[in-house]
Amino acid sequence: MLQETLPDRIRHRFPVLDRLTYLNSCSQGALSDAVRTAYNDYLASLEREGSAWDHWVACTERLRAAYARLLNVDADEIAVTTSTSAGLNALASAMDFTGPRDTIVATDLEFPTVGQIWHAHERRGARIVHVPAEPDNTMSLERLASAIDERTALVSVTHVCFRNGSRLDLEAITRIAHERGALVLVDAYQSAGALPIDARALGVDFVVGGALKYLLASPGVAYLYANSATTSHLVPLATGWFADSDVFAMRIDRYAPSRSARRFEAGTPPIPAVYAAYAGVELMLEIGVEATAAHVERLNSWLIDELETMGTHVVTPKSPACRGPLVAVRSVDAEALVARLSKDGIVTSSRDNNLRIAAHCYNTTDDIERLLTSLRRNVDLMRAN
């Protein structure tokens with residue numbers, strides 16, 4: 001039996017776990033008492049003060065600092081955005097694709113947002129190169145390296161693939177890209193909160209992600225990290241009031257963006273989501289990302305062994321170094337399988353005809369055993385090797 005110390009300590013803070021076996025943190029983290037209280041606090045501020053902008057702006061700054069602690073960077077290097085798409089669009093607008101470095105190198109493991117935004121800038125001269133994954137869903141460093149050359153402006157990679165749970169070697173990718181004069185963007189939406197990320201130590205140039213998955217909050221707020229040592233020359237064309245160097249100067253006769261990462265922000269911050277996101281990331285930091293990663297790895301190693309014993313096709317790489325918190329299993333009909341599990345009170349999701357199983361800090365061996373019991377009854381919907 002695996003050690004249950006971590007979920008035993010925190011599980012009571014997530015009421016949904018009293019009713020459901022929740023294994024869908026890759027889509028939405030379970031609601032905690034802290035996040036619910038944060039939403040109530042926002043509503044109370046409206047009832048109490050009507051308009052509390054000084055306090056609301058201060059909340060945004062607290063969230064900025066919390067994201068910075070999560071990534072081990074400075075608060076001035078964090079932009080608080082409304083979505084990953086918003087941050088990426090601002091970054092893309094800052095790039096010049098008319099010069100010698102006109103190329104974005106991406107992998108075929110990316111989330112649609114990433115590819116769609118880069119391809120949108122083909123109209124501005126961008127050249128997009130996609131590097132395919134290997135048959136085992138890993139990314140070949142040799143194949144990626146061969147795509148990076150003197151034309152490459154930026155290498156855009158996911159940390160963990162949303163379809164199959166494969167995990168990329170960010171340290172090696174960053175080293176290769178920087179040796180060839182390219183910047184590196186990391187999409188950490190499927191990893192931040194469940195895997196430790198030290199952006200400073202990795203040396204990456206940008207990290208984007210959002211609050212609603214392993215950071216335990218909800219839609220409406222996200223972040224973009226911009227390395228102050230390597231990205232200060234990039235100034236976005238997509239902008240807004242809160243990106244200004246002096247937000248409350250209220251000038252309309254010039255564009256004077258902040259010199260910090262705030263230049264990648266836009267209009268009024270999404271204050272209700274900011275309240276929730278701050279509560280979520282603070283709770284995640286309190287629980288401990290490293291402890292969570294170790295706990296989920298133990299659960300997933302056991303889960304993968306049991307799935308293989310059942311004769312299923314686990315598309316997530318088996319090596320812990322090559323996978324994130326998400327385990328994906330090939331299915332004959334993934335939507336039907338998700339529905340059958342739901343009837344047993346088990347919440348999962350699907351992508352690319354894979355069943356996605358996403359444990360987090362609050363999940364237990366009992367959760368995994370209930371899942372396995374249900375899957376054994378529904379093995380007809382799972383494709384054998």
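Seven strands make an open sheet with mixed pairing, in the order β2-β8-β7-β6-β5-β3-β4 (strands are DSSP E runs of at least two residues and helices H or I runs of at least four, numbered from the N terminus; strands pair if DSSP finds at least two bridges between them). This is a predicted model, where local features need pLDDT of at least 70 and side-chain atom pairs pLDDT 80 or more, while totals for chains, interfaces and linings use all residues. Residues are numbered from 1 along each chain as its sequence is written, and side-chain values use heavy atoms, leaving out hydrogens and water.

- The edges are β2 and β4 (127-131), each pairing on one side only.
- β7 (206-210) and β8 (222-226) run antiparallel, joined by 5 bridges, and Val208 has Leu224 in β8 as its bridge partner.

**Helices on the sheet**
- Helix α3 (53-71) lies across β2, β7 and β8, at about 125° to β2 (axes are lines fitted to C-alpha atoms, for helices over the stretch in contact, with angles from 0 to 180 degrees between N-to-C directions).
- α4 packs on the sheet too, touching β2, β5 (152-158), β6 (183-187), β7 and β8 (contact means heavy atoms within 4.5 Å).

**Largest pocket**
- Its volume is about 360 Å³ (a pocket is an open set of points on a 1 Å grid over the protein atoms alone, where a 1.4 Å probe fits, with protein on both sides within 12 Å along at least five of seven lines; lining residues have an atom within 4 Å of a point; volume is the space filled by probe spheres set on the points).
- Of its 24 lining residues, Phe111, Thr113, Tyr189, Leu212 and Lys213 are closest to the centre.
- α4 (84-94) and α5 (112-120) each give two or more residues to this lining.
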